[in-house]
Amino acid sequence: MSENKVNREKPSQMAEGIAMQRFGESNKPEDERICNDPYAIHFISPEIIEFGMKHPDEAKKLIENTERRFPGLSSSIMARVRYFDDFVERSIDEGLEQLVILGAGYDTRAYRMEELKNNVKVFEVDHPNTQSFKTRKIKEIFGSTPEHVVYVSVDFETEKISQKLFDNGYDPLKKTCFVLEGLVMYIPPEAVARIFSFITENSPKGSAVIFDYYPQSVVDGNCKLEVGQNIRNHLIELGEPLQFGIKEELIEDFLEEFGFLHIQNITRRL
Ligand SMILES: C[S@@+](CC[C@H](N)C(=O)[O-])C[C@H]1O[C@@H](n2cnc3c(N)ncnc32)[C@H](O)[C@@H]1O
């Protein structure tokens, strides 16, 4: 498969993989886990759950092998989930009116954060092939899709989010938090630029965006760490290759060009 070959014909495997991580963490004792997602299990294929229950030792070995191939990845994803959860909760406390989750995948914040249900309109934006699987599951779990959630299907690569969001009731005057968790690395630079421009041009003061990114070296294949190479190669094999990275020392410049203020770059120096 060529390095740039993207396969979005089926629901995102990465979205399922992240749900699997949340499921694993949620199964730990309450005083050990750092996040809890009671709905994650619904987005994992039944065969995987069954295998884990029937063959716990083999499943454990597979997890250990994955950790050897991608050391630290699983725990960093869990830390990301918790960090993003805390950020959204703080935004709610500070009077959030809209939450826009771009590349929502199987994000379940709209369903597990009670505070969102009364006062905040949540827009979940994702590719139609992943979103249709999600809405089907949400209907199975809750009987219907909740009223406070609006589903917007978009291919960021070929479509603009602006019209889609406005058509679905997005209000540019309302205080908004944009969540891009595990998204920007999977879409081309032009699509990332369209999203960031939309945010700064169409949200009022006090709005915020939270996102994670890969260093450019991992995306290019120049990362000196084996884990960086392993992640890159694995994503190419899955058909969800890395497409966008940022040179870490340039992150502030990159964001200032779009007009962002109060930039905070939280990182672990490698
Ligand atoms: C790694 S998953 C993350 C999902 C979710 N944010 C999470 O953290 O669990 C990346 C998500 O981005 C979506 N995505 C990737 N490329 C996209 C595109 N071109 N258009 C729309 N969605 C896209 C995928 O469908 C998938 O749900």
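Me: First, which unit do β2, helix α7 (residues 128-142) and β3 make?
Reply: This is a predicted model, where local features need pLDDT of at least 70, side-chain atom pairs count only at pLDDT 80 or more, and totals for chains, interfaces and linings use all residues. Residues are numbered from 1 along each chain as its sequence is written. Helices (H or I, at least four residues) and strands (E, at least two) are DSSP runs, numbered from the N terminus. A crossover is right-handed if, with the strands pointing away from the viewer, the path from the first strand over the helix to the second runs clockwise, and β2, α7 and β3 make a right-handed β-α-β unit.

Me: In which sense do strand β2 (residues 121-126) and strand β3 (residues 149-153) pair?
Reply: Strands pair if DSSP finds at least two bridges between them. Glu124 stands opposite Tyr151 in β3. Over five bridges, β2 and β3 pair in the parallel sense.

Me: Is strand β4 (residues 176-180) buried or exposed?
Reply: A residue is buried if 20 or more other C-beta atoms lie within 10 Å of its own, exposed if 12 or fewer, and partly exposed in between, with C-beta atoms placed from the backbone. On one side of β4 sit Thr176, Phe178 and Leu180, on the other Cys177 and Val179. Five of the five residues of β4 are buried.

Me: Which residue in β5 is the bridge partner of Val179?
Reply: Four bridges join β4 to strand β5 (residues 208-211), and the two run parallel. The bridge partner of Val179 in β5 is Ile210.

Me: Which residue in β4 does Leu99 stand opposite?
Reply: Strand β1 (residues 98-102) and β4 pair in the parallel sense over four bridges. Leu99 is in contact (C-beta atoms, placed from the backbone, within 7 Å) with residues including Val88, Leu116 and Val179, leaving aside neighbours within four places in sequence. Its opposite in β4 is Cys177.

Me: Which helix gives the most to the shell around the ligand?
Reply: A residue is near a molecule if its C-beta atom, placed from the backbone, lies within 6 Å of it. Of the 21 residues around the ligand, Ser12, Met14, Gly103, Gly105 and His127 come nearest. With three residues, the helix that gives the most is α1 (residues 13-26).

Me: Is His262 buried or exposed?
Reply: His262 is found in the segment after α12 (251-256). Its phi is near 55 degrees, a positive value in a residue other than glycine. With 5 other C-beta atoms within 10 Å, His262 is exposed.

Terms used:
Two residues are in contact if their C-beta atoms, placed from the backbone, lie within 7 Å.
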